[in-house]
Amino acid sequence: MPQVGRLPDLACLLLADAFILFDKGLVTGFDSKGRNVADRLKDKVAIITGGAAGFGEGMARRFAEEGAKIVVADLNAREAERVASEIGNGAIAVTTDVSQRVEFDELVYAAKSAFGRIDIMVNNAGYTHRNGDLVDVEEDVFDLITAVNMKAIYHAARAVVPIMERQGGGSILTTASTAGLRPRPGLTWYNASKGWAITATKSMAVELAPKNIRVNCLCPVAGETGMLEKFMGKDTPEIREKFKASIPLGRFSTPLDIANAALFLVSDEASLITGVAMEVDGGRCI
Ligand SMILES: NC(=O)c1ccc[n+]([C@@H]2O[C@H](COP(=O)([O-])OP(=O)(O)OC[C@H]3O[C@@H](n4cnc5c(N)ncnc54)[C@H](O)[C@@H]3O)[C@@H](O)[C@H]2O)c1
């Protein structure tokens with residue numbers, strides 16, 4: 001136990017330690033809300049699809065707080081512009097339909113032109129049918145689910161892998177879902193598309209590891225975003241309670257929950273982690 005008279009010395013030692021950590025770049029300071037900002041993505045360039053709302057907007061904001069240059073890619077031009085301008089620090093918005101190869105190529109061109117490189121590719125845009133009988137889902141809806149949740153991952157890989165390889169590495173992250181691990185009835189074709197995304201993640205990870213490209217995915221549990229109403233079928237207090245009752249920690253996910261997990265996976269702190277499907281689910285998949 002330190003004696004009372006020694007406390008000032010102890011405080012000096014702690015301050016000196018803190019200064020050494022600061023000096024080594026291990027602690028860089030605090031943001032305006034008092035949170036530790038470690039510059040974990042300093043100077044990295046990140047493309048985030050579906051970045052204009054929900055989980056994607058959360059990631060765009062969180063990555064920017066940690067020093068990344070952000071490309072907000074979304075079908076919704078106005079909201080993408082809003083997010084990019086609120087983030088500032090040179091963030092750009094690119095109107096993109098991820099289901100279209102040519103638009104993906106234009107997105108990558110815009111990112112390279114603005115920032116000169118691409119370090120992080122987040123495949124986050126998603127689409128679902130409304131909760132209901134699997135035989136009632138129309139073919140055009142099924143096709144859009146496969147185009148946005150599956151084929152876009154292929155488009156992204158073909159567009160960014162050669163760039164990342166030339167740069168010496170990179171990180172690809174997909175927003176999959178607990179739906180791909182522990183499916184609920186009523187969302188069969190959506191669930192299956194997320195299962196595909198998880199398998200694609202693992203296969204890409206093992207194939208791209210020699211190029212130093214890490215590939216991971218997140219499996220969020222239901223979250224209060226634009227898609228929740230379709231997942232539930234109808235938004236009523238009873239259905240909300242039913243969904244929450246299946247989550248041991250007893251709440252929906254938030255964009256910040258998902259963004260914090262994403263931040264870890266795309267940062268250098270996760271440099272030995274590839275091929276994981278990380279549940280961010282309050283215990284839903286146990
Ligand atoms: N919200 C949940 O409960 C939940 C749970 C697990 C996984 N997910 C997944 O999270 C991801 C993000 O969804 P969210 O919940 O934040 O929903 P959201 O509706 O808030 O955001 C989705 C964004 O994707 C954009 N988008 C849709 N289709 C697009 C396309 N073809 N090209 C470009 N952008 C497109 C939309 O404009 C929107 O801005 C999706 O992949 C979804 O499947 C959501």
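This is a predicted model: local features need pLDDT of at least 70, side-chain atom pairs count only at pLDDT 80 or more; totals for chains, interfaces and linings use all residues.

Colleague: Okay, overall picture then. How many helices and strands are in the chain?

Modeller: The chain has nine helices and seven strands. It runs to 286 residues, and 41% of them count as buried. Looking at contacts with a separation of 6 or more, 68% are between residues 24 or more positions apart.

Colleague: Now the ligand. Which residues are closest to it?

Modeller: Gly-50, Gly-54, Gly-126, Thr-225 and Gly-226 are the closest, out of 29 residues that surround the ligand.

Colleague: And how does that shell divide into nonpolar, polar and charged?

Modeller: You get 13 nonpolar and 14 polar residues, plus two charged.

Colleague: Which helix gives the most to the shell?

Modeller: That's α2, with three residues. Both α2 (54–65) and α7 (228–232) supply at least two residues each.

Colleague: Let's stay on α2. How far does it reach from its first C-alpha to its last?

Modeller: It reaches 17 Å over twelve residues, close to the 16 Å expected at 1.5 Å a residue.

Colleague: Why do you call α2 largely enclosed by the rest of the structure?

Modeller: Because eleven of its twelve residues are buried. Gly-54 is among the buried ones, and so are charged side chains such as Glu-57, Arg-62 and Glu-65.

Colleague: What comes after α2?

Modeller: Gly-67 follows α2, and its phi is positive, near 100°.

Colleague: Which residues other than glycine have a positive phi, then?

Modeller: Asp-43 is one of them, with phi near 65°, and Asn-89 is another, with phi near 50°. I pointed them out because most residues other than glycine have a negative phi.

Colleague: Where do those two lie?

Modeller: Both are in loops. Asp-43 lies between α1 (7–23) and β1 (45–49), while Asn-89 lies between α3 (77–87) and β3 (92–95).

Colleague: Is Asp-43 buried or exposed? And Asn-89, buried or exposed?

Modeller: Asp-43 has 11 other C-beta atoms within 10 Å, so it counts as exposed. Asn-89 is exposed too, with 11 other C-beta atoms within 10 Å.

Colleague: Switching to helix packing. At what angle do α4 and α5 pack?

Modeller: Helix α4 (residues 101–115) and helix α5 (residues 139–167) pack at about 35°, and their axes are 10 Å apart. The crossing is right-handed.

Colleague: Which residues meet there?

Modeller: On the α4 side you have Arg-101, Phe-104, Asp-105 and Val-108, and they meet His-155, Ala-156, Ala-159 and Val-160 in α5. By class, that contact has five nonpolar residues, one polar and two charged.

Colleague: Those numbers come in a pattern. Why would residues three or four places apart turn up together?

Modeller: An α-helix has 3.6 residues a turn, so residues three or four places apart point the same way.

Colleague: What else is in α5? Is Ile-153 buried or exposed?

Modeller: Ile-153, which is in helix α5, is buried, because it has 24 C-beta neighbours inside 10 Å and the cut-off is 20 or more. Apart from neighbours within four places in sequence, Ile-153 is in contact with Asn-123, Thr-174, Ala-197 and Ala-200.

Colleague: And Asp-143, buried or exposed?

Modeller: Asp-143 also lies in helix α5, but this residue is exposed, with 12 other C-beta atoms within 10 Å. Its C-alpha is 10.0 Å from that of Trp-189, 46 residues apart along the chain.

Colleague: Last topic, lysines. What is Lys-230 in contact with?

Modeller: Leaving aside neighbours within four places in sequence, Lys-230 is in contact with Thr-128, Arg-130 and Asn-131. Lys-230 is in helix α7 and counts as partly exposed, with 17 C-beta neighbours inside 10 Å.

Colleague: And where is Lys-242 found?

Modeller: Lys-242 is in helix α8 (residues 237–245). With 11 other C-beta atoms within 10 Å, Lys-242 is exposed. Lys-242 and Met-232 are ten residues apart in sequence, and their C-alpha atoms are 9.5 Å apart.

Colleague: Great, thanks!

Key
Residues are numbered from 1 along each chain as its sequence is written. A residue is near a molecule or strand if its C-beta atom, placed from the backbone, lies within 6 Å of it. Helices (H or I, at least four residues) and strands (E, at least two) are DSSP runs, numbered from the N terminus. Axes are lines fitted to C-alpha atoms, for helices over the stretch in contact, and angles run from 0 to 180 degrees between N-to-C directions. A crossing is left-handed if the near helix is turned anticlockwise from the far one by less than a right angle, and right-handed if clockwise. Two residues are in contact if their C-beta atoms, placed from the backbone, lie within 7 Å. The expected span of a helix is 1.5 Å times one less than its number of residues.
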